[in-house]
Amino acid sequence: MSAQANEAPVIIKRKKVVGGGGHHGGAWKVAYADFVTAMMAFFMLMWLLNATTEQQRKGIADYFTPTIPINRVSGGGDGAFGGDSIFSEETLPRTGTGGTNTRTAQEQNSRGDSGAEVGQEGRPDDLKETEDLLMGRGGESAVMQNLMRHIITRITDEGLVIELFELENAPLFMGADDEPTQLLRDLAALIASTAQTVTNDIAIGGHVRANPIVVANSPVWERSAERATTMRLLLQDAAIAPGRIARVTGHADREPVLENTMALRNNRIEVVLLREDAGR
């Protein structure tokens, strides 16, 4: 009996298990992970805004917006459906943002991987700066503002297109002849001074409106070619080197900017500062 009384008692310890890991459980870990993910997305967005061109950003935005009428191709306007049409060709040169079937607008080719604003070997394209230089002169004086009423510009795959067009009571040529008015001489001097800031080759195209009467030998081809040649001579007189003139073309009445082919607005001269890789 004494031996059993001296035996040490058996002590059983039960460890209390607390669920959830303490400190309000594990929910804070999920919240912290969401915060880190959001910060990573934010810094990636900041990096993309700084490292991509405007055209690439448009391509990325269109890629993640599959509900618009066309996918991965931006519309013809500056904003969402801000132009006359979602297709850049249909906005036409009259808005300064569109193009033609043969000379597409820069907005039409805004893919994420195009790099449209970079020239050969990754060099920045200075055509936009030249366009800004030309159009910025409209605020210099009232005379300059009057000249700028006859100019619209657009950047295409071919280069910077500077379009000179007639207005009512403000023609570019004397009647139906190729004799330039003082207005055209002043416009040629303005374009020449801007073109001298770059070394791009130049192409000149003449366009005329259709004749109201169908004749056997329509003079539109000769007239448009003669007017383009007159513009070439005016630019050369304004110190543009003859070697920079890549081509002079008469387009007759084949590329009207208005549906009414006989409209005065179709009488115009196009001076194109060609991209370096456009060729002659």
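Residues are numbered from 1 along each chain as its sequence is written, and side-chain values use heavy atoms, with hydrogens and water left out. In this predicted model, local features need pLDDT of at least 70 and side-chain atom pairs count only at pLDDT 80 or more, while totals for chains, interfaces and linings use all residues.

Trainee: How many salt bridges does the structure hold?

Mentor: A salt bridge is a side-chain nitrogen of Lys or Arg within 4 Å of a carboxyl oxygen of Asp or Glu. Glu163 and Arg154 form one, with the closest N and O atoms 3.2 Å apart. The number of salt bridges in the structure is 10.

Trainee: How many residues apart in sequence are the parts that Glu163 and Arg268 tie together?

Mentor: Glu163 forms a salt bridge with Arg268, the closest N and O atoms being 3.9 Å apart. Helices (H or I, at least four residues) and strands (E, at least two) are DSSP runs, numbered from the N terminus. Glu163 lies in strand E2 (residues 159–165) and Arg268 in strand E5 (residues 268–274), so the parts tied together are apart in sequence by 105 residues.

Trainee: Are Glu270 and Arg268 buried or exposed?

Mentor: Their side chains meet in a salt bridge (3.7 Å, N to O). Buried means under 20% relative accessible area, exposed over 50%, and partly exposed in between (1.4 Å probe, protein chains only). Glu270 and Arg268 are both buried.

Trainee: What arc do the buried residues of H5 cover around the axis?

Mentor: In helix H5 (residues 127–135), the buried residues are Leu127, Thr130, Glu131 and Leu134. They lie on the same side of H5 because their arc, taken from the directions from the helix axis to the C-beta atoms, is only 100°.

Trainee: Is Leu49 buried, partly exposed or exposed?

Mentor: Leu49 is in helix H2 (residues 27–51). Its relative accessibility is 45%, so Leu49 counts as partly exposed.
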